[in-house]
Amino acid sequence: MRPQTRWMSLVSACGVALLLGSVSPAPAQETHVGSLTGHATAGKQLYVRYCAGCHGDEGDAQGENAQWIDPKPRDFTMATFKCRSTPSGSLPTDDDLFNSVTRGFVTTNMPPWVALTPQNRVDVVSYIKTFSSRWRTAQPRAPMTIPSEPAPTIQGILHGRELYQRMECWKCHGGAGHGDGPSAKTLTDNKDDPIRPYDFQTGSRFMCGTTNQDLYRIFMTGLDGSPMPSFADQLKPAEAWDLVHFLRTLQPLKTPEAAIWRSWFTTHGHELKAIGPGGGGGGGR
Amino acid sequence: MVRRFLKAAAPLATLLCAAMTPNPGSIAATSYTAGYAALATRIPAFARKYGLRCSACHTAWPELNAFGQRFKDNGYQLGNDRDSPIWQAPAYWPIAMRTTPQLHLESTTHQVTDAAPAPGGKTVTQAGFDLSGVDFLLLGTLYKNITFGLVPTLDADGTTGLEAAFVRFDNLGNSPWANLKVGKFELDNLLSEKRFTWLSVNGGQLYAYHYLPPGSANNFGFGDNQIGAEFSGHSINSYTRYSVAMLTTDDGTPGLPGGKSMDVMFTASRAFAMGSGLGPQRIGVFGYLGHRPTVFDSINGAPIPGSGSANKAFFRFGATAQLWVGNLEIIPLVAHASDDAALGPGAVKPTWNSALLEAHYVATPRLLVQGRYELLRMSQQGDPATPKTQGNADAIALGFRAYPFMFSRDGMAIHGELAMTKSVGVPPMTGDGSGVVDPSAKVWSRSLLLAFDFAF
């Protein structure tokens, strides 16, 4: 190769490199999940393949399918996320986003993406974080710690029922947990789109997980962007666990809480007042 | 559609007889452009139902990616509690249709014609605008964890067929490891011909799946939908999969025309989340133990359908993989086949081996560049007098698929393909050609295709 040709090749290569660099997504904070490191560049093509149809090429929830979807897809430019381990108002951790992608969201169009490799998922998370400058200016706060769960008791369940009444959970979720409380039809999310409260009768999965720990985390962190607030300042851990155990009795499942509840209810059910306006008492409490 | 196609290809025995006894007129009996390769199953009805782009389930449609495989394994359910029909708007109907207008050229050498009699023959070429048939893809859920599939077909010449019709009970005992499918369905082939990204006559089928020795009474093809029951299972993410199927011995032909015994098929595969490619790395094995009757009860000399007995066995087994290096997908497959000697064509059991290597470069979700090389080698002829190389074949195909748009309502691919096969002493498996006189003649068959492949 003649020197002149070699120089031209070098200059061309630099030009190509600059061009490629100019079209790459803006670097976001690094994404780490376990031993994996996410790369936004790799995540971009995965995002276009799997996510952009709903969430939009710009992450603004304006994908071509968004108009048909209810509830609407998440707007990543707002960097507000429901499922977090961090306090209300904070960014989620990388693990939170990774778990959300893996798990999907029940009763929405967001499926579980568990078939993607973990590396693919962490790459997607990395790219999602490029849509908002908030990821460059703020850090997720420390995840909330969940104290160990006490064994469910009928006293705890009844106390949880009282809390459900007193904290006015029933106004949205309904007296029997059907998601049909008096306020249910008025609820909107942070984009003024209508949003439905969770119906505990629908099954075993919650928006952000399936376990008692997940349920505890949901109402202690709140679901940012939705009317579901954080109760971290109003509930002590023991009270929160009582509420968890009561909520489990609302589900059509064979859980330890449901067994305790059914056993007690057959002989004491008549003592209870229905949950709702002026209700919720009885049961010896 | 594959079945129709193979009906044209199946009478290899007849063709071989024609080769041994030249019959210039037989060319008229076999269409050179009898049909097209499998119109694969990719289903905008699902994309409409769930609001997902084609690319969510397909590497480049119709080939499934890991997410699409899990969706299929889960009974066409995503698992986000929107799977039951109760969630769909009443106007939703789980149907999609697919067809492929095209311009194509087919050319086959060593063809005996009136003007070019045996032994030399001539090269016959046909070209022009053409149509595929239409596949009506009706698949979905009848209820949570009860899946159905119905695929009527309408060929371009007006022939109708029923490619698939099944019901599947998913997640039995609330476990993904137990699913039962009954009816007519595609075998659980790890390399699916129904989700092929190849459409031409020469490129659209695998020798590994369809080859039968000239003169064989067998009619089995891995790529043909079969009738029976399949028990299958998978891990939550479908990285580990298995299936066991019991199938009637009729190669998917309804009405029980064959015998009363059963064929058995099994597959097992495991995927590993390794590397940073577009999907996991999967390896798998498959096997098929089949039977075909050699004796039938008869009335006035005419065999009674379904009364076959004196079954003779045949085996197919092999291994395949789906490997990712970045955006490059590599699919190797090796297979071994043997038929009982009583299935013909001679006194010795014929055996053969095949291998292929297919590569897809997924440049973007909208552009696929692909290539494939396949070979088949006879290791033992049924008739010792047959030349050892007769039946050997080499096939190569190159192509691209470009998707000008991609969203959840429909899909279209601009498809270009060049495919060639070289078969020794027999016509190509495409069904093109009337016969070959010289058992050592190297018959070349070529397809050049430009098509607009769309579904809605």
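Visitor: How are helix 7 of chain A and helix 10 of chain A oriented to each other?
Guide: This is a predicted model, and in it the axes of helix 7 (residues 154-166) and helix 10 (residues 237-249) of chain A come within 7 Å and cross at roughly 90°. Angles of 65 to 115 degrees count as roughly perpendicular. Helix 7 of chain A and helix 10 of chain A are therefore, relative to each other, roughly perpendicular.

Visitor: How many residues of the contact of helix 7 with helix 10 of chain A are charged?
Guide: On the side of helix 7 of chain A the contact includes A:His159, A:Arg161 and A:Leu163, and on the side of helix 10 of chain A it includes A:Trp241, A:Asp242 and A:Phe246. Divided by type, the residues of this contact are six nonpolar, five polar and, as charged residues, three.

Visitor: Where on helix 11 of chain A do the buried residues lie?
Guide: The buried residues of helix 11 (residues 256-268) of chain A are A:Glu257, A:Ile260 and A:Trp261, and what covers them includes helix 7 and helix 10 of chain A. The face turned away from this buried side carries exposed residues, among them A:Arg262 and A:Thr266.

Visitor: Which helix of chain B supplies the largest share of the side that touches chain A?
Guide: In the contact between the chains, 25 residues of chain B meet 29 residues of chain A. Helix 4 (54-57) and helix 5 (66-73) of chain B each supply at least two residues of the side that touches chain A. The largest share, four residues, comes from helix 5 of chain B.

Methods
Residues are numbered from 1 along each chain as its sequence is written. Chains are lettered from A and ligands numbered from 1 in the order in which they are written. This is a predicted model: local features need pLDDT of at least 70, side-chain atom pairs count only at pLDDT 80 or more; totals for chains, interfaces and linings use all residues. Two residues are in contact if their C-beta atoms, placed from the backbone, lie within 7 Å. Axes are lines fitted to C-alpha atoms, for helices over the stretch in contact, and angles run from 0 to 180 degrees between N-to-C directions. Angles under 35 degrees count as roughly parallel, over 145 as roughly antiparallel, 65 to 115 as roughly perpendicular and the rest as oblique. Ala, Val, Leu, Ile, Met, Phe, Trp, Tyr, Cys and Pro count as nonpolar, Asp, Glu, Lys and Arg as charged, and the others, Gly among them, as polar. A residue is buried if 20 or more other C-beta atoms lie within 10 Å of its own, exposed if 12 or fewer, and partly exposed in between; C-beta atoms are placed from the backbone.
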